[in-house]
Amino acid sequence: MPDGAAVPTKWNEIRQRIADSQRLAVMTGAGISAESGVPTFRGADGLWRNFRAEELATPEAFARDPKLVWEWYDWRRGLIADCAPNPGHMALAQMATKVPVLNLITQNVDGLHELAGSTDPVEMHGNIWKVRCTDCGQVSADRRVPIPILPRCDGCGGLLRPHIVWFGESLDEAVLARSFGAFEYADIALIIGTSGVVQPAASLAGLAKRAGAYVVEINPDATPNRALVDVTLSCAAGAVLPHLVPL
Ligand code: NAD
Ligand code: ZN
């Protein structure tokens, strides 16, 4: 929105709905972090050494070539380490202080919601700043950039892997239950910056809609969600979200 331009009526209407909400559910995807400089998977900078994410973020790729997979994660960690939360992340943290319940579910692994001040976001796909031992299962925080390749467990010497849910792996049961519960019982759902193709996250908009919620999508590009939501705001998340925070 240009400086000095009036806030669109639709945005004001949505802000009022949010102000009246009792249970708000928010899903974010890579798009909300794009304005912080974190590349999305399906955008123009989604490639690394000509590999697609789907070729590297899999248990098979890690079993075949852990060094290659770690080199990719080390590169991504380096990019993300230089990124800060943007006004979209900040607005969601602020919004949570204005409504009785805001459940924030993210597909992002970058940790930017927490840095913005959101408490307890549900990280459906894990966190790039955590590692897990492939032998003893221990999960720990690890912010080293660069990380020694291959990284080893302090406890047992086993090979560490990123604490990330890869393509073909199951999501944690408790995380799934919290995510589905948030959307099934929401009165308003915001679906922000996700291409809506990675399951099960992609089904949450439909679940909320069928359960009677008012569903708002924020994404400058068309997605499969557009057909089922109540309204799509075709804008960058960082431009619109600050205007949706109740006064
Ligand atoms: P995606 O890359 O498939 O889609 C990103 C979506 O964001 C696209 O639909 C795009 O149109 C939209 N978008 C781009 N800029 C935007 C903006 N400024 N505001 C709002 N929307 C914008 O991402 P996804 O749907 O999250 O799914 C990909 C998977 O990739 C997830 O599993 C996620 O864990 C992982 N991923 C995470 C990160 C991260 O942590 N930041 C980055 C890349 C991928
Ligand atoms: Zn171990």
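# Exercises on a predicted model

Of the 27 residues around ligand 1, those that come nearest are R42, Q107, D110, H125 and S195. The model is a predicted one.

## Exercise 1: ligand 1

Solution. 

Step 1. Begin with the nitrogen side of the ligand. A nitrogen atom of ligand 1 lies 2.7 Å from an N or O atom in the side chain of D110.

Step 2. Turn to oxygen. An oxygen atom of ligand 1 is 2.6 Å from a polar side-chain atom of H125. For D221, a polar side-chain atom is 3.1 Å from an oxygen atom of ligand 1.

## Exercise 2: E123

Locate E123 and determine which side chain of opposite charge is nearest to E123.

Solution. 

Step 1. E123 belongs to strand β3, which spans residues 122-123.

Step 2. The nearest side chain of opposite charge is that of K130, 4.5 Å away. A salt bridge requires a side-chain nitrogen of Lys or Arg within 4 Å of a carboxyl oxygen of Asp or Glu. E123 is buried and has no salt bridge.

Step 3. Look for a polar partner instead. The side chains of E123 and N127 make a polar contact at 3.1 Å.

Step 4. List the contacts beyond four places in sequence: T106, N108, G111, E114, K130 and V175.

## Exercise 3: R161

Is R161 buried or exposed, and which side chain makes a polar contact with the side chain of R161?

Solution. 

Step 1. R161 sits in strand β6, residues 160-164.

Step 2. The relative accessible area of R161 is 8%, so R161 is buried; the cut-off for buried is under 20%.

Step 3. The side chain of R161 makes a polar contact with the side chain of E169 at 2.9 Å. A polar atom of the R161 side chain also lies 2.6 Å from the backbone oxygen of I164.

Step 4. Residues up to four places away in sequence aside, R161 touches F62, W70, K130, V131, R132, T134, W166 and E169.

## Exercise 4: P224

Classify P224 as buried or exposed and find its contacts beyond four places in sequence.

Solution. 

Step 1. P224 is in the loop between β8 (214-218) and β9 (231-233).

Step 2. P224 has a relative accessible area of 52% and is therefore exposed, the cut-off being over 50%.

Step 3. Beyond four places in sequence, P224 is in contact with S195, G196 and V197. The C-alpha atoms of P224 and S195 are 7.7 Å apart, although 29 residues separate the two along the chain.

Key:
Residues numbered from 1 in each chain as written. Chains lettered and ligands numbered in written order. Predicted model: local features only at pLDDT ≥ 70, side-chain atom pairs only at ≥ 80, totals over all residues. Heavy atoms only, no water. Helix = DSSP H or I, 4+ residues; strand = E, 2+ residues; numbered from the N terminus. Buried < 20%, exposed > 50% of the residue type's maximum accessible area, 1.4 Å probe, protein only. Lys, Arg positive; Asp, Glu negative; His and termini not counted. Polar contact = N/O pair within 3.5 Å; in protein donor to acceptor, adjacent residues only side chain to side chain. Contact = heavy atoms within 4.5 Å. Near = heavy atom within 4 Å.
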